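Student: I have a model open and would like to learn how to read it. Can we go through it together?

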Amino acid sequence: MPAPVLLTLDTELDGDVLALKTLGIDVPATYFITGKFAVAYPELVGKLAAAGNTIGSHSHAHPHLPALSQDSLENEIRISKTILESVTKKPVVWFRSPYMEYDLRAMKALKAQGFLYDSSDSEHWEEQSVLAELPISDIRRGAMLASDYDLIIEQHMKENEFEDALKELYRTKSILGQPAVILLHPKNAAIYPKALQNFIGFVKNEGGRFVTADQYVAEMQAHKPSRYALWVDFSEAGMPSPEYIAANLARTSVTDVFLMAKDAEGTFYYGPKSADDVFGRTLALLRKQGLKIKVHAWLPALSDGRALKKHHSWAMTAQNGRLSANWMSPANPEVAAYMKSTVTDIIRNYGVDGIHLDRLSYPDLDYDYSRENIRAFAAAKGLGSVPALNELLTLHYNSWVNWRSMRVSEYAAKVGEAVRKAGNEDVEYSAEMQGKRVFNFNDVALSGQEVSLLAQSFDFLVPMLEVSATLEDRELIERSIASLRIKAGEKPLIMRVMLPSNGRAVSPEYLSGVLGALSRGLEGMGFSSYQAVFGSQRGGRSIDEGNLDAINRVFGGAGLKPFVMPHQPGTLTFFNIPVLPGVFTLMMAVVFNMVAMPVFGRKTLENGTDGMMYAEPEGDSGWREIGARTHAGLLDGPSAEQVCSMLRSYDARGVHQNRIILVLDAISRPGTPMPRLYEVVSGSKEWKSLALKYLHEVCLLGYAEIDDRSVTLTSDGWAMLEGARKEGFELAFWSFMEERLHETVLVKCPHCGAENVTSFYWQTFECNECGKVQRLGESSVVAVRTPAGSVYSSDTVQTPEATSL
């Protein structure tokens, strides 16, 4: 595809006036002009601006910016901007540093004074990420800068060689439609004016076009998202059934769904190696519903823990010779063959619309230093001998990091061949890119994920960007899009925005700003994952119903559709559990999903007003680790006392309200997997009767409606539930609390060593042997026993008495 060409001219010398006349440039261009030049030649600068060219600042007096004091630096920038805007009568938002030298101070000063864009980096050595960067192109992957100074003055090129170099650049950029950004100095370029005129004619004959920097930004932003994507990660805890996933997707205007077929650990979610083929079942349901959704099989490209256990030779090698337990080498032909077989199998057996790869990179610069890879590098570069590690990282560093990147892109191309062959060109091929690792050349060296190389193999790219829910996110997204678009050219981009997992739903104001940033420069977008949108994260979903409705309107023009309870013909279902008709059976289904949930309310404050009724106690954020350690039998006395402190932070005052919320939560979370604790309390008639009592009460209060087929929340019920979630209600935390309440612990008396049985709720216990009162935290917790008889034992359990609990 034709590449846009940006002629950028650093204009600073008196001799540049005559040089510009000699060049006779009659195509749109960008002029970076010093303040002093504008003062000396205001008429010329005014004419250049009036002709539609972009005018940018090249400082005021062309100093070395890093050598200036802070005051001098700020004055240099301010004076040039003021003068240029006065002469051109237009805002000046572009900047190029003299000598292409800058530091972080300079970039921050530019931003503070209203500059939006910079063009001081070279394409292969991009560093700054404060402003959106339009890097100067290079030739032959960093071998030469596309600059008249580098090519004519330093490389001593003849006129025909200079012309050929520019044509080579254009052909290379036309592969992806990337911009060819050429740095010219009028006085240098005027040495070979015919070469530049011939190049301009060549580009026009090839169907290319010359654009200014402003025009190129407008072209980038003209890309509008029409694809709305969602990622379904079956490895996440609490994933609902395929029926519920399909039912929720039917509510939206989603156009693309990325279903995890296999995770980075090597767990299969499709085919005979999976537990129940949730991948295939979800795909079949989406097709059955007739939804116009493209389904992409989501696979880790270079990470498979299970495969590496069987094939050690596939592993990446670290600098110290250690084999990775998780990462496969892209240079190993057997790894490529394995992935080609995988995608072929999925395409032929499932008829997916796309194959999507993530983890298409190295974890860091420490990999891949296998002997075979280094030998191949030495042979390809004609080194004569295999270089030592220190030589690779010093003498051959640039060649080595380029080599590593090439191995990743070649691997992607090989897998792509299999996709094209099995899919008959009808299956889309895509890959995830790390959105924050595109600004700095060091990040590219670490990951080996060079966008301009990888983009050639794929139908579209998926930049993944983690945001922090702050005001700076919009600028981050805009800079990322600009940088990715420059590197990917016209290759479609669907950005995946990973919202923060801090338990806070994003505000409408924040979402509006983010959607505004995403609305320019992309072909598609999506937020986080299925669980973040429809499921639960700590403290609640990242995107609430109102915001989800707003997103849906952007892509579908209509609001969010109501949820329809999925069921099979002839069989009534509740939370995907087949049941017999009748209200009583439906209430029992609710019991199965919430009987094990907690029932304790937050203590009230001393002044009598209610505190955060649903939030966990402050300072007790380690409960997840404690839960894991309890199950592993590794709990100690201090941790047990910490559990006690958490439990005693709650009393019966809030029991009633919390049980109301628990029932509402159970109704609102279709597909929430039955807690393990159900096995503990399922035989308790008291718990079942309480659950039935509160289900009945929420219906009487108008929070829920129940019929022979389903239980649904009313608008009042949703408002009640959302209010509790905003106050910090979290299902996982309360499940942890309830689990601890039903367990007993065996502890050893620190005084006499006798074993005693107590519970997590009591801070002290009286030893049944010596009679002394001891603190739980001073004892050794030997074992934890559930009411069902399961025992989590620590390594200190030695006696039959302990294990018999």
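**Strands, salt bridges and a patch**

Tutor: Let's start with a strand: E16 and strand E17 (residues 428-434) run parallel and are joined by 4 bridges. Strands (E, at least two residues) and helices (H or I, at least four) are DSSP runs numbered from the N terminus, and two strands pair if DSSP finds at least two bridges between them. This is a predicted model, where local features need pLDDT of at least 70, side-chain atom pairs count only at pLDDT 80 or more, and totals for chains, interfaces and linings use all residues. Residues are numbered from 1 along each chain as its sequence is written, and side-chain values use heavy atoms, with hydrogens and water left out.

Student: Which residue in E17 does Ile 355 stand opposite?

Tutor: Tyr 429. E16 also pairs with strand E13 (residues 294-300), in the parallel sense over 5 bridges. There, Asp 358 of E16 is the bridge partner of Pro 300.

Student: Are the faces of E16 covered or open?

Tutor: Buried means under 20% relative accessible area, exposed over 50%, and partly exposed in between (1.4 Å probe, protein chains only). In E16 (residues 354-358), 5 of its 5 residues are buried. Gly 354, His 356 and Asp 358 cover one side, with Ile 355 and Leu 357 on the other.

Student: How many salt bridges are there?

Tutor: The rule asks for a side-chain nitrogen of Lys or Arg within 4 Å of a carboxyl oxygen of Asp or Glu. The count comes to 26 salt bridges. One network of them links Arg 227, Asp 256, Lys 294 and Glu 428.

Student: What about salt bridges inside a helix?

Tutor: An α-helix has 3.6 residues a turn, so residues three or four places apart point the same way. Take helix H4 (residues 70-88): Glu 85 and Lys 81 lie 4 residues apart there, about one turn of the helix. Their closest N and O atoms are 3.0 Å apart. Glu 85 is partly exposed at 25% relative accessible area, while Lys 81 is buried at 12%.

In helix H30 (residues 715-726), Glu 722 and Arg 725 are 3 residues apart, and their closest N and O atoms are 3.3 Å apart in a salt bridge. Arg 725 is buried, with a relative accessible area of 8%.

Student: Which residues make the nonpolar surface patch?

Tutor: Tyr 149, Ile 153 and Ile 191, over about 250 Å². Patch residues have over 30% relative accessible area and no salt bridge; like charges are joined within 9 Å, nonpolar side chains (Val, Leu, Ile, Met, Phe, Trp, Tyr) within 5 Å. Areas come from the Shrake-Rupley method with a 1.4 Å probe. Ile 191 is partly exposed at 44%.
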